[in-house]
Amino acid sequence: MLRSFFRLSLLLAAIVVTGFGSPSLHADESTGRLDIYFIDVEGGAATLFVTPAGESLLIDSGYPDFNGRDRDRILKVVTETAGLKQIDNVAVTHWHRDHYGNHAALAAKIRIGNFWDRGIPDALQEDAQFVDRIADYRRASENQSKKLEPGDMLPLESGKTPLGIKIVTASRNVIANDGPPNPFAKLHVPKKRDASDNAASVSFLLSFGKFRFLCCGDLTWNIEAKLMTPNNPIGQVDMYMVTHHGLPSSNNPALVRAIDPRVAVMCNGPTKGGHPDVIKTLRQVKSLRALYQLHRNVKLKADEQTAAAYIANTEPTTDCKGVYVKASIAADGGSYTVQIGADGKPRTYKTR
Ligand SMILES: [Zn+2]
């Protein structure tokens with residue numbers, strides 16, 4: 001009797017939870033966890049978030065070419081691994097093809113709710129084909145993409161554990177430089193001005209309970225310093241998505257050492273990113289317990305990068321299976337696991 005009562009309550013709960021309308025639903029919704037998938041797009045970026053409410057956000061979408069390679073890898077994680085029927089929100093950090101390569105191609109295959117970006121410029125000095133590429137994006141978003149500015153909050157649904165995503169940089173602007181003095185500010189040595197769209201990247205600071213995660217797209221050196229000197233308005237974080245695939249024009253130590261991440265995930269390719277200077281900066285981070293790389297940097301020796309057990313893909317691109325890295329944050333935000341692919345051994349970290 002008791003058992004059938006429980007079964008009935010579970011059924012009723014399932015009906016209430018699955019409900020109707022958006023957000024779309026996640027297979028393990030009942031766990032209350034927040035999942036983050038770092039999808040391998042061979043040195044581009046595509047990061048999928050699935051909230052406990054089943055709401056999804058895809059930041060960036062890999063390269064547009066190679067017969068839909070990155071589009072298909074993203075779709076596989078979205079539909080098969082995460083069990084989603086639609087993508088509720090897509091965002092673009094900046095207008096480079098390894099970051100918005102598949103927004104339009106994805107929209108042709110799966111329903112997308114909202115499009116978010118930094119605003120669409122009329123032209124892009126570094127990309128002669130920008131006008132054609134952006135026409136596809138405009139069509140896919142029905143010209144309804146919403147512009148993000150520093151200080152904005154992405155309006156994702158929050159459940160029992162408070163969830164927020166704050167925009168901290170966009171279009172070379174940053175949030176106010178409030179907060180305690182940054183003891184690493186003096187490590188900033190200015191570089192030549194970066195006129196490319198990298199410097200205009202949108203940066204996202206996610207919090208889920210006490211858990212905090214920072215993703216800055218391809219934000220470059222001087223804007224990192226603009227955000228993080230002389231004061232530290234971000235504080236410390238648990239996870240850091242290594243900026244710009246681990247290239248040394250980004251990952252200013254004034255930022256990386258101040259946010260002091262416990263776990264870092266680098267979305268590099270076999271020959272792109274994962275630069276020794278960035279590895280060196282990460283190795284100087286006091287609290288860092290683990291660095292995950294989506295790829296082995298085939299040009300570096302084993303001891304010049306993270307340990308083999310923390311590398312998702314070891315082959316060159318031609319033989320690559322595109323294994324993802326997944327972080328899963330506990331329902332209360334108090335701890336999280338990180339694993340490589342569906343079968344990888346999850347390692348557990350405590351939220352700071
Ligand atoms: Zn990039």
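Colleague: Where is Thr337 found?
Modeller: In this predicted model, Thr337 sits in strand β17, which covers residues 335–340.

Colleague: And is Thr337 buried or exposed?
Modeller: Thr337 counts as buried, with 15% relative accessibility. The cut-off for buried is under 20%, so 15% qualifies.

Colleague: What does Thr337 touch, leaving out residues up to four places away in sequence?
Modeller: The list is Arg33, Lys326, Ala327, Ser328, Pro346, Arg347 and Thr348. For Arg347 there's also a C-alpha separation from Thr337, 5.2 Å, with the two residues 10 apart along the chain.

Colleague: OK, switching to the metal. Which residues coordinate the zinc ion?
Modeller: Asp98 and Asp218 through OD, plus His99 and His245 through NE2, at 2.1 to 2.2 Å. Along the chain the donors follow the spacing D-H-x118-D-x26-H.

Colleague: How many residues apart are His99 and His245?
Modeller: They are 146 residues apart, so that pair links distant parts of the chain. His99 is in helix α3 (residues 97–100), while His245 is in the loop between β12 (239–242) and α7 (253–259).

Colleague: Are those two histidines buried or exposed?
Modeller: Buried. His99 has a relative accessible area of 1%, and His245 has 3%.

Colleague: What about the geometry of the zinc site, which class is that?
Modeller: The site is irregular, with angles of 83 to 155° among the four donor atoms.

Colleague: Why doesn't that count as tetrahedral?
Modeller: Because four donors count as tetrahedral only if all angles lie between 85 and 135 degrees. The angles at the zinc ion run from 83 to 155°. For reference, the ideal angle for four tetrahedral donors is 109.5 degrees.

Colleague: Now helix α5. Which of its residues are buried?
Modeller: Phe130, Ile134 and Tyr137 are buried, in a helix that covers residues 130–140. Looking down the axis of α5, the buried residues fall within an arc of 50°, so they line one face.

Colleague: What do the buried residues of α5 pack against?
Modeller: They pack against α3, α4 (103–107) and β5 (111–117). As for α3, that's the helix with His99.

Colleague: And which exposed residues does the face of α5 turned away from the buried side carry?
Modeller: That face carries Asp132 and Arg139.

Colleague: Where do Ser171 and Asn251 lie?
Modeller: Ser171 is in the loop between β8 (163–170) and β9 (173–174). Asn251 is in the loop between β12 and α7, where His245 is also found.

Colleague: How accessible are Ser171 and Asn251?
Modeller: Ser171 counts as partly exposed at 22% relative accessibility, whereas Asn251 is buried at 2%.

Colleague: Last one: which residues does the cis peptide bond join?
Modeller: Thr229 and Pro230, with omega at about -5°. Pro230 lies in the loop between α6 (221–228) and β12.

Note on methods. Residues are numbered from 1 along each chain as its sequence is written. This is a predicted model: local features need pLDDT of at least 70, side-chain atom pairs count only at pLDDT 80 or more; totals for chains, interfaces and linings use all residues. Side-chain values use heavy atoms; hydrogens and water are left out. Donors are N, O and S atoms within 2.8 Å of the metal (3.2 Å for Na, K and Ca); water is not among the atoms, so sites may look incomplete. Four donors count as tetrahedral if all angles lie between 85 and 135 degrees; four count as square planar and six as octahedral if opposite donors are over 155 degrees apart and all others between 65 and 115; anything else is irregular. Helices (H or I, at least four residues) and strands (E, at least two) are DSSP runs, numbered from the N terminus. Buried means under 20% relative accessible area, exposed over 50%, partly exposed in between (1.4 Å probe, protein chains only). The arc is that of the directions from the helix axis to the C-beta atoms. Contact means heavy atoms within 4.5 Å.
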